[in-house]
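Hi everyone, thanks for coming along. I'd like to walk you through one structure today, piece by piece. Have a look at it first, and then we'll start with a single helix.

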Amino acid sequence: MLLFIPTLIGLTVIVFTLLHIGGTTKLLAMYLSPRLTGAARAHVIAELDAKFHLNQPVYVQYFYWLIQILEGNWGITNTPLYSGPVTQAIEIFFPNTLILTIFAAIIIWLVSIPLGVHTAVNRDKPSDNTIRVASLTFYAMPWYLIGVVLIIIFAVYFRVLPIAGTVNPSLVSGLPWYHNGISYPTHILLIDALLHGDFGVAWNAFLHLIMPSVTLSLGVMAALIRLMRGTMLETMDQDFVNFARAKGVPEKVVINLHAKNNALLPVVTNFGYLVAGLLGGVVVIEDVFSYPGIGMWLTSAMLNNDMGGIMGGTLLFGLILVTTSLFLDILYAKIDPRIRY
Amino acid sequence: MMENRKHDSSPIVKIENLHLHYYTRRGVYKALNGVNLEIRRGEVLGVAGESGCGKSTLGRAIMGIIPRNAAIVEGKIIVDGVDYLKPLREYFKRAKKFKPTKNQDLLKKVNEEMSKVRGQKISMVFQEPMTTLNPLLTVGYQISEALFYHNPGLLASRRLARARATKEDTKNIVKILKEEGEGERFRQYLKNRNIMGLEDQIISIWRRRELHDLKKEQMILDLCCEPISSMARGYLEQIEKTNLLPKFSKLPIVGRIVKREILKEAYKKSAEFLGLLGIPDPDKVVYMYPHELSGGQRQRIVITTAMINNPNLVILDEPTSALDVTIQAQILELVKELKEKINSTYMFISHDLSVLSEVSDRIAIMYAGQIVEIGPRSAIFNSPKHPYTQMLMEAIPTIEAHELKAIKGEVPDMRNPPKGCMFYPRCPYAMPICKEKRPQLFKVGEDHYVACYLYGGEKK
């Protein structure tokens, strides 16, 4: 837990360094009118230097930058999707990504844990082999391919699920809590619709979430299934599992209480990092499904060489990973009585 | 019940010509090769042998806890008149090629069948106290499980008795105890008042030595008038009558209440039992996790769990081997004490003959998956007959100076054991016939049998 703060410092140092590799000219270019020349230009540059502390040593600049970050000034992004302060872009795009990730995480957990247990209990049987091969196939497929295949099957061929976006625009046009593709107050359309009691919109938003979240989960599920299978097999050989059997505890309880809970310990840790990693995966998925989340914004930031956006995104992902690990440590201590901080 | 056990002369477990082979990638390990053994009621049977001779496999086979690659090639284990491993044996006979997955399916069925016997009639203590307890569950829960699944009726009646008993009752009970002790009148009173569930609770308090009498009296007086919610009461009475757990999943809320009541009661009973075994602060210990206890304490917990349902047979698989010498002595003391307090049968597996000499009535010596000599303790120690046993005796270190002799040679490769006597390659008295034919057990004395051609059969 004490590693939390050094990790944060390391993260910010890296982001700051990356920012500086881009050079100060990039920054100046954003504020400097190309039409200025001569003395006026030099004057403005000097002014900007002073304003952004560019004439100070780099390590001093780092602290100025850090203070800015803490004050909530994360710079400016300028992409076709959105231009304005980075914090505001995050506020708009991040909730969409968050709900997508949460959905995917729920699917992953609900599917891979039981499947992992099942494959371990029925080791080497046909069902075990089928599940392992299928999940590995999805694991080997790139995300965008799974996404496109799902779109072709469910949206084009069967026409049961919508292709792209977060909602059918005709349903939300004119609603008082929806402007310019942003819903209020939480910016998560599904939750906002439920808050305002508009179940039709909520259902539609839910349908739009299914395919991206399923795609996201299919791609990584294999890792968790395999891990669960491995740890489960390991625990099922443990003495305490045999001892539970020797006590005459029913086999179902032996597996679900004694073996599974112990096998879950390493899986929980990995699950946390997997979910945090999913946030990186959304960059691809959101592009495939034109889902207006942080991934889509970051893609356009990269394509447009938008330093503010890229750095804001890097810092955000870093922060998420660090908080996840902190959260996991706390969770781990909760479920394992041997660990007490 | 206990008196009946003594007079019943039929063996608790009868093993007939048991062959158990492990199928692994590196070949078939023939772990047990024709074991014949009877465990008689009320005895302590010691099983000794080198590591890898199959003594643990034998113990586990009796419990039915064998891995999926273990094939029952031949032979029976009859526990309480039932041949539990029959499906496995029949599968092996039927199958052209042994498949662990198929074996596993049958093993699952065996597990289900045996779960009624395990923990209730036979139970087992494993070697490693550090790994035998589930690290995520409290010690109390792990002891309670054995009670919860086998004896819910007892728990329900204990709980109900505390609800039924009135202040008047407990006062009368204290009076009776003071006048006559825990005799017939005490039992009669409980029976008349329909509060038999209080019996062991009161006795466990009354017998405690470290408490002052006044404190004990107060504790007994406190055993009354503990109300139960009326919803749960009906179910508890049903459990008391049938000794069966209701399907909790079908009773969403009441089920939880009933389950919690029974588990709480199981914790109480566990704490009482731990107190009987002389573990300090049992009420606190039941809420601890295994990692908070020392190795010796954990082994005590494991033994408690195995003993809590008064099983007919307890298999102790090297219970002292992983502990240091002082703790080892304490655990042996505990086993001896239990032997006196609870009338049951013990199978004590150990590689340490000096440990066996302390506790056992009969000793069986195993070598390479066979029993080579079995007899009363005195006979085994005073006049060992089998060359292997004789050599083992010479290898025991003693306080008096004597030359320790190691047994020459090595344990045979169990993938490809000798055709005749297993000990033949290492035996100084080997004869031609030893190479050809495996010897049967020959009688050499009162209840003393040896598998060696020196003592019977055709001598050539």
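So, let's begin with helix α3 of chain A, residues 38–51. It has 14 residues, and from its first C-alpha to its last it reaches 20 Å, close to the 20 Å expected at 1.5 Å a residue. Please keep in mind that what you see is a predicted model.

How many of the 14 residues of α3(A) are buried? The number is zero, so this helix lies largely in the open. A residue counts as buried here if 20 or more other C-beta atoms lie within 10 Å of its own. Just after α3(A) comes A:His53, which takes a positive phi of about 60°.

Now let's step back to the domains of chain A. The assignment gives domain 1 as 4–73 and domain 2 as 86–335. Their C-alpha centres lie 37 Å apart. Where the two domains touch, 10 residues come from domain 1 of chain A and eight residues from domain 2 of chain A. And which helix gives the largest share of the domain 1 side? That is helix α1 of chain A, residues 4–21, with seven residues. Sorted by class, the domain 1 side has six nonpolar, three polar and one charged residues.

Next, the meeting of the two chains. Here 20 residues of chain A are in contact with 28 residues of chain B. On the chain A side, α11 (239–246) and α12 (251–288) each supply at least two residues. The largest share of that side, six residues, comes from α11(A). By class, the chain A side divides into six nonpolar, six polar and eight charged residues.

Over to chain B, then. Its domain assignment gives domain 1 in two stretches, 1–132 and 313–460, while domain 2 covers 139–284. Taken over C-alpha atoms, the centres of these two domains of chain B are separated by 39 Å.

Strand β11, residues 442–445, and strand β12, residues 448–450, run antiparallel and are joined by three bridges. If you want to find the pairing on your screen, look for B:Phe442, which stands opposite B:Val450 in β12(B). Together β11(B) and β12(B) form a hairpin with two residues between them. In the turn sits B:Asp447, with a positive phi of about 65°.

That's my tour, and I'm happy to take questions!

How values were computed: Residues numbered from 1 in each chain as written. Chains lettered and ligands numbered in written order. Predicted model: local features only at pLDDT ≥ 70, side-chain atom pairs only at ≥ 80, totals over all residues. Pairing = 2+ DSSP bridges. Helix = DSSP H or I, 4+ residues; strand = E, 2+ residues; numbered from the N terminus. Contact = placed C-beta atoms within 7 Å. Nonpolar A, V, L, I, M, F, W, Y, C, P; charged D, E, K, R; others polar. Domains from an automatic or database assignment. Expected span 1.5 Å × (residues − 1). Buried ≥ 20, exposed ≤ 12 C-beta atoms within 10 Å, placed from the backbone.
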